[in-house]
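Okay, thanks for making time, everyone. Let me put the structure up and walk you through a few spots in it.

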Amino acid sequence: MRVPTGRRPVSAPADGSAGAADQRRALEDHARTAGWSGVVFAVLLVLGLVLVATTPRLGASDAAYTTFYTGGGPATLSVVGLYIVPFAGIACLWHMVGTRTLLQVRRPGSWTETRHWLHLAACVIFVCMLFVSVACVGAIALLTKFSDAPLPGPDVARALNSVGYALFFVYGVRAAGMYMLTTTGLASAAGLLPRPLVVLSYAVAALLLVSTTFHPAILLVFPAWVLMVSIVLLVRRPTGGNP
C-alpha cells in the first residue's frame, strides 16, 4: 500500500542569508527610529527652552519680574514653551528606547553590562529633572494665563526660578552627561560611531559632569550632541552583525 508523503519541506539556506537580511533590516529600522526621534527631540527641546528662558534671570530686579509677569506677551511665550517641553521629553524617551534596541540587536550581550542599565536610568532622570525644573520656572507665567488670583511677589517668582535652575543645571545636566557617557561607550563598542565623534563625546560629557555654570548656553550642549549622533545614525546606518 502506498502512503502519501505530502510536500517536502523547504530547508532554510545553508549560508543563513535570510537571517542576515532580517538582521540588516532590523538594524536599519532601529537606526532610523533612533535617528529621527533624536532629531525631533533636539529641535523641540531647544525651541521649548528658548521660550521658557524668556523669564527674568535670578539676578533680575523686582521691577523686571513685575514688568514681565504683568506685560502679557513675554509670559505667553513662556507658557507656550511649557507645553512644548513635554513633547521633547517624549521624543527623548523614544530616542533612548530606539538606541537601546539598536544596541541590543547589534550586541545581544550588552544587556549584561552595567552601563546598559545606567543608560536607561540616566535618560529617565534627565527627563524627570527637565519636566520639574521647567514647571518651576514657568509656574508664575502659567498662573497669569489661567487664574485671576493676585500674582505672588517677585520673591516667590525668584525662589521658584532658583529651584528650577538648581534642578536642571545641577542635577539634569549631570544626568545628561551620564547619558552621553553610557551611550558613547555602548555605541563605540557596537561600532556605530566614528572614532572622532567618540572622543568628542567623552570630552563634552566630562564637561557637563564638572560644569558649575548657570549660563543658558550650557542647555544647548546636550541637544546638539543628540542631533549629531542622530545624523550619524541616519547617514551611517549599521548593516553588519556583531562587530
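Let's start with a side-chain pair: arginine 107 and glutamate 113 are joined through their side chains by a polar contact of 2.6 Å. By polar contact I mean a pair of N or O atoms within 3.5 Å, where within protein one must be able to donate a hydrogen and the other to accept it, and residues adjacent in sequence count only if both atoms are side-chain atoms. Arginine 107 sits in the loop between helix 3 and helix 4, with helices taken as DSSP runs (H or I, at least four residues) numbered from the N terminus. Buried or exposed, then, for arginine 107? It counts as buried, because its relative accessibility is 19% and buried means under 20% relative accessible area (1.4 Å probe, protein chains only).

Quick housekeeping. This is a predicted model, where local features need pLDDT of at least 70, side-chain atom pairs count only at pLDDT 80 or more, and totals for chains, interfaces and linings use all residues. Residues are numbered from 1 along each chain as its sequence is written, and side-chain values use heavy atoms, with hydrogens and water left out.

How confident is the predictor? The mean pLDDT (its confidence in each residue, from 0 to 100) is 85 for the protein, and 86% of residues reach 70 or more. Where pLDDT is low, the predicted coordinates should not be read in detail.

Take phenylalanine 222: leaving aside neighbours within four places in sequence, it touches Phe41, Phe126, Ala176, Tyr179 and Met180. In helix 8, Phe222 is buried, and so are others including Trp225, Val229 and Leu233.

Last stop, the cysteines. The structure holds zero disulfides, a disulfide being a pair of cysteine sulfur atoms within 2.5 Å. For cysteine 123, the nearest cysteine sulfur is that of cysteine 92, 3.7 Å away. Cysteine 123 counts as buried because its relative accessibility is 1%, and cysteine 136 counts as buried at 15%.

Technical notes:
pLDDT is the predictor's confidence in each residue, from 0 to 100. Contact means heavy atoms within 4.5 Å. Helices (H or I, at least four residues) and strands (E, at least two) are DSSP runs, numbered from the N terminus. Buried means under 20% relative accessible area, exposed over 50%, partly exposed in between (1.4 Å probe, protein chains only).
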